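Reader: I would like a close look at one part of this model. Please take the chains in turn and keep to what can be computed.

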Amino acid sequence: MINYILRRAAYALPILIGVNVITFVLFFVVNTPDDMARMNLGMKSVSEAAIVKWKDERGYNKPILFNQSASGTKKLTETIFFQNSVKLFVFDFGRSDSGRDIGYDISQRMWPSLAITVPSLIVGLLSYISFGLILAFFRGSYVDVSGVILCVIMMSVSGLFYIIGGQYLIGKFLHLVPISGYDTGFNAIKFVILPVLVGLVGGIGASTRWYRTIFLEEMNKDYVRTARAKGLSELRILYRHVLSNGLIPILTGVVVILPSLFIGSLIVESFFAIPGLGSYTIDAINRQDFAIVRSMVFLGSVLYIIGLILTDISYTFVDPRVRLN
Amino acid sequence: MANKPKFNIKCIKRFLICIPLFCAACSQSSWNSPYSPEESKELIYYDSFSERPKHLDPVSSYSSNEYIFLGQIYEPLLQYHFLRRPYELIPLTATSVPKPIYLDINGKKLPDDALDEDIHAISYRVSIKPGILYQPHPAFARDDSKKFLYHKMDKNDLDKIYTLSDFKFSGTRELHANDYIYQIKRMAHPQVHSPISGLMEKYIIGLDNLSKNLEGVYQDKSQSNFLNLNDYPLEGVKLIDKYTFEITLKEKYPQFLYWLSMSFFSPMPWEADLFYSQRGFEDKNISLDWYPVGTGPFMLTENNPNRRMVLEKNPNFRGESYPVEGESSDEDMGLLEDAGKIMPFIDKAVYSLEKESIPAWNKFLQGYYDTSGIVSDSFDQAVQFNSQGDAQLTDEMQEKGIKLLTTTTTSTYYMGFNMADDLVGGTSERARLLRHAISVAVDYEEYISIFANGRGLSAQGPIPPGIFGYNQGREGLNEYVYEWQNNSESRRSIEYAKELMVKAGYRDGRDQLTGKALVLNLDTPAAGPGSKATFDWYRKQFMKIGINLVVRATDYNRFQEKMRKGTAQIFQWGWNADYPDPENFFFLLYGPNAKIDRNGENAANYKNKKYDLLFDQMKSMKNTPERQDVINQMIEIVRYDAPWLWGYHPVGFSLHHDWYKNAKPNLMANNTLKYKRVNPILRAENRVMWNQPVWWPILLVLFIIFTILLPAFALYLRKENEKII
């Protein structure tokens with residue numbers, strides 16, 4: 001297994017370089033270092049000298065990808081791309097264009113993101129699986145049909161509707177939780193309830209249908225027929241056999257997103273004023289802070305790759321037939 | 001086995017008893033309150049902010065969302081009177097508003113009525129009030145032997161330091177005149193990037209040389225990040241004594257006094273500069289840009305711009321009296337009830353981040369913010385217009401005791417023509433008539449009604465109301481675009497605009513020389529579905545006189561580039577007054593300020609020699625009838641040339657709750673928090689009353705779910721009990 005992990009880590013290297021190049025190119029197609037300087041220095045009364053000085057201080061005075069005036073390897077190394085990318089691979093995120101330590105900011109802001117994403121995942125997973133099992137259990141009945149129709153309707157509604165509707169209904173009309181905001185420690189609980197609930201409701205449609213499909217597929221297999229023939233109750237078949245055999249596709253979907261939970265949610269954090277990494281990324285894009293954007297994209301890619309490796313590893317635990325070699 | 005069900009029943013009973021008790025307890029405070037219950041009776045002001053401040057260093061900051069905080073922390077020499085209008089400068093830390101002293105070439109004082117050609121330099125002598133103390137700050141902390149505790153720190157000392165509050169000791173010291181000099185020198189600091197350094201170098205003697213000098217010195221430095229500016233003299237700024245200093249300008253610049261009221265001219269203690277310059281501090285994100293240090297009524301105790309910013313009363317603040325006089329209507333409005341009382345009236349101000357307007361608006365309605373603006377989405381809910389066209393609050397707002405304040409802002413939003421453009425620009429009669437025809441055709445009254453909910457005043461020239469030089473009524477009418485009818489202004493007809501088009505050689509929107517249809521381009525950074533309605537409206541306006549308008553939407557960076565290079569044709573722009581002087585608007589059309597040549601603020605690249613000469617004359621005049629006369633001439637020139645469609649001056653609408661007092665819009669002052677008063681008892685009562693939890697919909701939903709699942713459960717039981725035959 002170690003060999004497998006090392007091999008996958010080695011495969012990840014070109015992927016990360018590729019992601020970095022794409023981020024870099026996309027960012028600098030839209031923003032030049034001069035634009036970034038203007039954005040940071042303010043739009044009023046910015047002199048050319050101040051722009052030059054700002055770029056010098058942050059290393060944006062070099063050519064972007066290829067340094068014609070340098071010699072040898074410096075043609076590639078004395079560029080904005082190289083200088084900004086190499087340190088990322090040792091997880092040195094450096095400083096943002098406004099001068100803040102990105103590593104420190106990430107370490108501070110990942111907790112509010114986790115406070116939303118972890119409960120959302122756990123509560124969501126339990127609820128969606130339960131709903132999926134109920135629909136599968138009552139397959140063909142009015143519960144199943146009306147449930148599927150409801151799921152289709154719910155998955156057709158925009159996520160923004162759930163957010164604004166949730167804030168209006170739960171926060172403004174029912175007065176049960178704060179509409180937005182965040183606090184530290186246990187005080188965070190009342191702020192977390194609404195985004196988690198909104199995330200849960202927003203995901204019911206698609207997830208329940210997906211889990212229902214998985215369970216129905218399992219329920220048509222021979223071992224279920226055998227279990228029924230042996231006289232096992234439907235509930236026992238469902239929870240003891242169908243659920244455990246349906247875990248492989250569930251794991252595929254869940255384990256891969258586990259590391260990405262750190263990154264948070266861009267829209268939810270923005271609407272609920274959660275100071276997590278999602279809003280950190282959005283702010284950086286709006287402020288044209290390339291240092292943060294590239295760090296967050298890099299971190300997101302690394303976490304996604306880790307998620308994929310973890311998924312592969314988890315297969316070996318739930319399905320003895322799978323071997324990592 | 002026998003005890004188990006007994007225990008469960010006991011638990012269930014306890015649980016059931018707890019539910020109503022829990023609900024009863026909760027009904028005493030609001031479940032949906034974002035604040036802790038202990039805060040409810042405290043003198044705290046609650047507000048929101050939508051964008052994190054970029055800079056909190058007063059020499060770098062030049063943005064209104066930063067001034068919200070900086071204005072309460074730092075104290076420049078002067079401030080605007082809170083109540084009087086027109087806006088008037090009064091001393092803040094200075095003992096009086098300094099008067100210009102005219103000097104000849106030998107440095108001798110000239111009389112006040114000296115001729116401009118005799119004046120070689122202008123000096124302002126400023127004395128500050130003694131006894132003003134800085135807020136508690138570790139930069140001032142000293143040990144028993146009077147040595148600074150935190151001025152020689154190394155990386156090991158910073159091991160357990162993450163924020164400024166991690167420093168165990170703090171100190172203070174008296175404000176000295178030298179602190180103001182230090183700050184002026186910081187404008188020339190190579191690493192600080194003050195946005196006004198270029199402007200001030202034009203006026204303050206020796207600032208340009210200091211800037212060059214420091215640039216060289218800074219590059220040679222290797223030992224420390226600290227550049228002690230006390231070691232570098234500035235020719236135009238001299239310390240007279242501990243409380244007095246003198247600033248000498250190269251030429252007459254009366255607007256300089258307005259700059260002295262802005263945060264750029266706040267005092268900066270050298271101790272703070274040294275403290276923050278130490279190695280390792282930057283790595284810990286401890287910098288002047290993050291932790292301000294001032295003498296003002298408040299200090300920033302929590303700087304978490306991703307969640308909230310908290311200002312608390314500065315324990316060392318000397319106290320300042322609330323104004324005892326204002327405008328004639330101020331007394332009736334209760335704005336003089338606190339006359340003469342010592343400020344500030346609140347202990348703390350909590351600003352929470354709200355990126356989206358809908359949650360912010362709903363929280364204001366719940367009583368969790370004391371004040372609010374009105375976005376378009378909620379305008380109809382908050383405001384309605386009566387038969388006279390006056391804005392008034394809706395019944396829903398009035399029931400909550402919410403108050404509305406309106407004021408015409410000292411801003412202007414206009415549509416500009418690039419005067420360097422071959423088609424719409426230039427001084428030819430043809431282009432001028434074309435610009436006039438467009439000016440008549442684009443109906444800004446309709447624009448204000450549709451897109452600004454009626455919150456605007458159509459502009460007659462570059463000067464907004466509230467600024468010297470603005471003329472009201474018929475006297476201020478732009479007769480190229482409007483007529484005076486029935487005692488009010490009336491936009492000229494489309495037929496008149498079409499006549500102008502014919503005179504310009506564009507009958508029915510076709511170039512009579514080439515026969516081609518006239519196509520003009522509007523360059524804009526706005527894009528997306530939100531702007532579509534506006535662009536459609538603009539196309540319709542231009543089409544009234546047969547012009548095809550092409551909207552060239554692009555991203556903001558490319559738009560800025562177009563403006564700098566002068567490749568835009570028609571554009572929309574706006575300006576918000578830095579200070580209440582017409583110079584701050586007329587300079588937007590001053591030739592030497594052209595964007596294309598000098599990267600200035602004259603975005604239309606307008607050039608008119610006569611206008612420029614009058615501008616040079618007007619800018620250093622006092623607000624006298626003579627100045628008004630010059631201004632009238634300037635306005636007539638630009639109206640005739642029409643480099644802008646004058647657009648409109650927005651009217652600001654703001655709301656506040658009944659418990660928030662001393663609310664009077666002041667568009668110039670940034671330090672208004674100290675005047676505010678809140679009634680926390682009334683606020684707490686209203687919050688509880690407005691936010692009682694509503695449970696019945698939840699119970700109803702549970703009942704519906706139960707009703708739906710009951711037959712399903714019966715179905716399950718039937719299925720389980722089925723017998724195989």
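Into which domains is chain A divided?

Author: The model is a predicted one, and in it chain A is divided into domain 1, residues 2-90, and domain 2, residues 109-287. Taken over C-alpha atoms, the centres of domain 1 of chain A and domain 2 of chain A are separated by 38 Å. Along the principal axes, the box filled by the C-alpha atoms of chain A comes to roughly 85 × 55 × 35 Å.

As for secondary structure, chain A has 15 helices and zero strands. Chain A has 325 residues, and 35% of them count as buried. Among the contacts in chain A with a separation of 6 or more, 66% are between residues 24 or more positions apart.

Chain A also touches chain B: 46 residues of chain A are in contact with 44 residues of chain B. On the chain B side, the elements that give two or more residues are helix 4 (197-203), strand 12 (348-353), helix 8 (357-365), helix 15 (556-565) and helix 21 (696-721) of chain B. Helix 21 of chain B supplies the largest share of that side, with five residues. Sorted by class, the side of chain B that touches chain A holds 15 nonpolar, 16 polar and 13 charged residues.

To return to the part you asked about, chain A is a chain of helices without strands, with domain 1 and domain 2 as its assigned domains.

Technical notes: Residues numbered from 1 in each chain as written. Chains lettered and ligands numbered in written order. Predicted model: local features only at pLDDT ≥ 70, side-chain atom pairs only at ≥ 80, totals over all residues. Contact = placed C-beta atoms within 7 Å. Helix = DSSP H or I, 4+ residues; strand = E, 2+ residues; numbered from the N terminus. Nonpolar A, V, L, I, M, F, W, Y, C, P; charged D, E, K, R; others polar. Buried ≥ 20, exposed ≤ 12 C-beta atoms within 10 Å, placed from the backbone. Domains from an automatic or database assignment.
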